Amino acid sequence: MPFINPKVLPKLLIVEDDAGLQAQLKWAYPDFEVHVAGSRAEALVVLRSEEPPVVTLDLGLPPDPDGTTEGFALLDEIMALKPDTKVIVATGHGARESALTAISHGAYDFYQKPVDIDALGLIVRRALQLHRIEQENRQLASRAGEDNRVLGRLLTAAPEMVKVARTIERVANTNVSVMLLGASGTGKELLARGLHEASDRAGGAFIAINCAAIPENLLESELFGHEKGAFTGAVKTTEGKIEQANGGTLFLDEVGDIPLQLQVKLLRFLQERVIERIGARRSIDVDTRIVCATHQNLEQMIAEGRFREDLFYRLAEIVVRIPSLAERPGDAVLLAKAFLARFAREMNPQVKGFAADALAAIDGWGWPGNVRELENRVKRAVIMADAKLVSAADLDLGPKPGEAGSGLNLKSAREQADRKAIRHALARSDGNISSTAKLLGISRPTLYDLLKQYDLHA
């Protein structure tokens, strides 16, 4: 089978300080666009400008031609700058230790000197083929990211969040009021939009209002509208948000901040489906579905007399509790990769992904600010990053905030730990079984057995 596209030759970087061997290797690959470098500095220049998928590397480079210091330093830099590059290292006869060290540093394979051109050519072409397969898999995984979207727009691989989405899908085509409960930044408005778009009201308007962001004396007008002359400054008749969402959905975010006097008027609308604008003498029939959200404890507010119990039961015909990002194993990495791809495309195209320490930091952070915090950190890191891979330092992630306590049932705790570790590893390796098994330090058959045992999917 041909390994190349006749129109575009694949690139190969040969890092070798021997001029005679440079020429010999260069002419051995007529089906490649060959670049040659005689030092670590030259190699890095070519790597950045040409991004060759395959590199052959002699570990003995100046100023240490008889050692391996420069060669291993270059290998580490290649893996940091372009971790998907297939590096094939040259070793002296019998230098098994150097070969194994190179493999542990991320090298794809090794060859022995003196060079057998045909044998090396086979290794180079195998490396190129593997690089292409991995590239295609990444593209497929990127497109398959759509398979991780529920409600059309919510990206998740966590069963906890999939369960939330399925609940919303089941109630979407009913007219019941839905209350979304969750911490700030967990995606309540995104879920509300998903509910609207999954319902038979999708052709109508989706109107969102944050009740905590509007002064109390203006909130009634915002919700119910007003007639011309109803108060100073009312120079024209204005529809309120409830009326604007007629035939569609109104999302009341932070509904716990609605003052008691206005709660009475909202309750009347929910009971009778009519509204009265401020200053009006007639009622208006309105067919608007209400979806609300809050991070506050409404039951406690009811006990304290700050929220009407009858309004609560009207708004909370269906209650959906949204898990925090820390309660969704694997989702932080999944979302971080999606955010990075979007922000890099918009703001810093040189950024290609996350370094290993960044993925570990994302995986281990507690995310007190949930998805909003994650999005903000990734956005800032992409803007500020100098290298192609975003590091943990770019994300400014410190020690993980307070760890959750563990249960006392040892078997249950072990099972939960296994599930969490597997899901984290799957997310970090984009679902690749071999990479996941390597991260977990187990064999592929063992990983398959665990996936089956815990009903998990790659």
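This is a short tour of a predicted model, from a parallel sheet to two nonpolar cores.

**The sheet.** Select β1 (residues 11-15) and β3 (residues 54-58). These strands run parallel and share four bridges. Pick L13 and look across to V55, its bridge partner in β3. Now widen the view to the open sheet of five strands, ordered β2-β1-β3-β4-β5 with parallel pairing. β2 (33-37) and β5 (109-112) are the edges; each has a single partner strand, so one side of each lacks a neighbour in the sheet. From one strand to the next, the twist averages 20°.

**Helices on the sheet.** Next, show α3 (residues 69-81). This helix also packs on the sheet, in contact with β1, β3 and β4 (86-91), and its direction makes about 160° with that of β3.

**The annotated domain.** Select residues 154-383, which an unreviewed UniProt entry lists as "domain: Sigma-54 factor interaction". The span is 45% helix and 16% strand, and its end C-alpha atoms lie 24 Å apart.

**The largest nonpolar core.** Which residues touch the most other members of this core? Select L223, I242, L250, L252, F269 and L315, out of 32 residues. Elements giving two or more residues include β9 (206-210), α8 (216-224) and β12 (249-253). Show α10 as well: it gives the most, five residues. Then centre on L223. Among its contacts beyond four places in sequence are I209, I242, L250, L252 and L262.

**Last stop.** Select L155, L340, A385 and L397. They are among the 30 residues of another core, apart from the largest one.

Conventions. Residues are numbered from 1 along each chain as its sequence is written. This is a predicted model: local features need pLDDT of at least 70, side-chain atom pairs count only at pLDDT 80 or more; totals for chains, interfaces and linings use all residues. Side-chain values use heavy atoms; hydrogens and water are left out. Two strands pair if DSSP finds at least two bridges between them. Axes are lines fitted to C-alpha atoms, for helices over the stretch in contact, and angles run from 0 to 180 degrees between N-to-C directions. Contact means heavy atoms within 4.5 Å. UniProt positions are given in the numbering used here, feature names are shortened, and annotations may be inferred rather than shown by experiment. A nonpolar core is a set of buried Ala, Val, Leu, Ile, Met, Phe, Trp, Tyr and Cys residues joined through side-chain atoms within 4.5 Å. Buried means under 20% relative accessible area, exposed over 50%, partly exposed in between (1.4 Å probe, protein chains only).
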